[in-house]
Amino acid sequence: MKVLKKEKLFANSSYKKLFISSTAASFGDLFDMFAVMTLFTYVWHANSLWITLIPVAYALPSILLSQAAGNLADRYNKVQLMFLSELVRLLFTCLLFFTNEPLLALGVLTLRSMSSVMKVPAQLACVREVVKEDQLLQASTLQNIMFQIAKVVGPFLGAAALTFTTPKACILVNAAACMISIGVLFSLKKAGKNIQGQAARSSHQPKETYSNGWKLVFQHPILLRVVVLFHVSYFVVMLVDAQISIFLRDVLPHNPEMLGWLLSGIGIGALATGVYLNRKKHVHHPFRLLSLGLLLFGGALFFISCFCFNPAVMSRYFILIAAPIGGAGVGLNLLLFNYIVQAYSDKEHLGKVYGFINTLTSAVLLTAPLLGGMVVKLAGAQTTFLTAAIIIVSVGFVSMVMQLRDKQERNAQIDA
């Protein structure tokens with residue numbers, strides 16, 4: 001019998017180019033975000049209102065336009081849409097370089113975010129079309145691994161660069177990353193890679209076209225369950241994420257370095273789960289692992305909330321043990337969410353599905369940190385963290401029970 005040789009993922013030139021483009025954009029964006037915060041805070045000495053509006057400029061266009069962008073990603077050539085998006089993004093990044101006022105900079109950031117909205121659903125849907133089914137998990141986790149690395153390395157390199165250069169120079173680094181992404185996408189487009197989903201009917205009414213992303217999710221029980229699970233947990237995570245520094249200030253006022261260690265521990269845990277999943281072809285029980293991720297993160301947060309607020313009872317170094325465990329839970333949740341969405345969605349409508357998901361995710365990014373600040377101010381950091389931990393553990397436990405119940409019902413049907 002002839003044995004088929006296993007094809008490596010990076011032997012797929014289309015995916016390799018998409019991966020390079022995505023990685024360059026991720027590093028550039030994080031470099032740029034660090035530069036923008038530095039400009040507003042230390043160069044322009046902007047007040048708290050201007051700084052509060054920065055995440056609004058990043059997230060609001062995604063909330064308003066993601067579903068329409070997802071529909072366009074299913075209608076037209078995805079590589080062409082990504083290419084045009086990167087061109088416009090480069091234009092506004094260069095314009096940001098010449099901007100010297102906070103108000104004008106916020107306008108440029110908003111317009112640039114509008115141009116970037118198109119790329120996300122087109123890129124994620126494109127991966128599904130160029131990758132084989134048995135490599136889908138590897139492709140999904142690999143891109144998230146690089147994003148996690150970029151989250152750690154990008155700000156670090158930005159901080160290092162600011163020791164001998166200016167924030168405006170860091171913006172130019174993002175412009176260079178845009179040019180790399182544009183060049184890679186141009187070579188993919190020029191090579192004639194026809195990565196395009198089925199065209200949607202042009203007779204759709206605008207209202208129906210805008211809403212069919214959420215309709216697709218609500219009509220699919222598996223997608224609806226995973227979207228609800230992820231965004232409930234993601235909201236709670238973002239609720240406490242922005243308040244980590246407040247928590248550490250209350251617990252360890254004389255150890256500011258612990259914030260860096262805590263974030264690094266979370267990143268290591270998330271990276272470890274990504275490496276583990278990247279070595280697999282298939283996940284036989286993705287929902288169980290997703291639920292396990294919720295339990296791990298919620299359990300780590302519960303441990304920190306109960307025991308680490310009193311250093312006299314529990315050493316501060318136990319935070320460093322809990323951080324990788326929580327990071328592993330976050331990694332499982334994020335990576336398996338993307339895998340389940342790609343695996344269970346129709347290729348022809350994946351852009352619409354991701355458009356709806358990006359709307360929800362951006363809404364969480366915009367509202368959860370603001371609400372978290374108000375809750376911490378009213379209830380205190382420990383109560384907020386403990387409540388968040390209980391919610392996440394409860395959601396993970398209910399999800400796990402639902403999976404076991406579904407399995408028992410399927411077995412009962414087979415026996416009958």
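Which side chains meet in a salt bridge at 2.9 Å, N to O? They are the side chains of Arg-89 and Glu-86, shown here in a predicted model. The legends below start from this pair and then move to other parts of the protein.

**Figure 1. The whole protein, for orientation.** The predicted model holds 15 helices and 0 strands. The protein has 416 residues, of which 48% count as buried. Where contacts join residues at least 6 apart in sequence, 86% of them are between residues at least 24 apart. The protein exposes about 20300 Å², and carbon and sulfur atoms supply 68% of this area.

**Figure 2. Arg-89 and its salt-bridge partners.** Side chains of opposite charge can pair when their charged atoms come close. A search of the whole structure finds 6 salt bridges. One of them joins Arg-89 to Asp-29, with 2.4 Å between the closest N and O atoms. Because Arg-89 lies in helix α3 (residues 78-97) and Asp-29 in helix α1 (residues 13-43), the pair ties together parts that are 60 residues apart in sequence. Glu-86 is buried, as is Arg-89. A network of salt bridges links Asp-29, Glu-86, Arg-89 and Lys-119.

Figure 3. The side chains of Asp-74 and Lys-352 meet here, 3.1 Å apart from N to O. Asp-74 is in helix α2 and Lys-352 in helix α14 (residues 350-379); the pair links distant parts of the chain, 278 residues apart. Are these two residues buried or exposed? Both Asp-74 and Lys-352 are buried.

Figure 4. The structure holds 9 aromatic pairs. In one of them, Phe-230 and Tyr-234 are stacked, with 5.3 Å from centre to centre and 15° between the planes. The angle counts as stacked because it is under 30 degrees. Helix α9 (residues 221-241) contains both Phe-230 and Tyr-234, 4 residues apart, or about one turn of the helix. Phe-230 and Tyr-234 are both buried. Elsewhere, Phe-10, Tyr-15 and Phe-19 form one aromatic cluster.

**Figure 5. A charge over a ring.** Which residue has its charged end over the ring of Phe-97? The residue is Lys-168, and its charged end sits 5.7 Å from the centre of the ring.

**Figure 6. A nonpolar patch on the surface.** The patch is formed by Leu-60, Leu-64, Leu-65, Leu-111 and Met-114, which together have about 400 Å² of accessible area. Helices α2 (48-75) and α4 (102-117) are the elements that give two or more residues to the patch. The most comes from α2, with 3 residues. Leu-65 lies in this helix, α2. The relative accessible area of Leu-65 is 33%, so it counts as partly exposed, between the limits of 20% and 50%.

**Figure 7. Ile-390 and Leu-295.** Ile-390 is placed in helix α15 (residues 381-415). With a relative accessible area of 45%, Ile-390 is partly exposed. Ile-390 and Leu-295 are 95 residues apart in sequence, and 9.8 Å separates them in space, C-alpha to C-alpha.

Technical notes. Residues are numbered from 1 along each chain as its sequence is written. This is a predicted model: local features need pLDDT of at least 70, side-chain atom pairs count only at pLDDT 80 or more; totals for chains, interfaces and linings use all residues. Side-chain values use heavy atoms; hydrogens and water are left out. Buried means under 20% relative accessible area, exposed over 50%, partly exposed in between (1.4 Å probe, protein chains only). Contact means heavy atoms within 4.5 Å. Accessible areas come from the Shrake-Rupley method with a 1.4 Å probe; for residues, only the protein chains shown count as cover. Patches are made of residues with over 30% relative accessible area and no salt bridge: like charges are joined within 9 Å, nonpolar side chains (Val, Leu, Ile, Met, Phe, Trp, Tyr) within 5 Å. A salt bridge is a side-chain nitrogen of Lys or Arg within 4 Å of a carboxyl oxygen of Asp or Glu. Rings of Phe, Tyr and Trp (its six-membered ring) pair if their centres lie within 6.5 Å; planes under 30 degrees apart count as stacked, over 60 as edge-to-face and the rest as tilted. A charge sits over a ring if NZ of Lys or CZ of Arg is within 6 Å of the ring centre and within 35 degrees of the ring normal.
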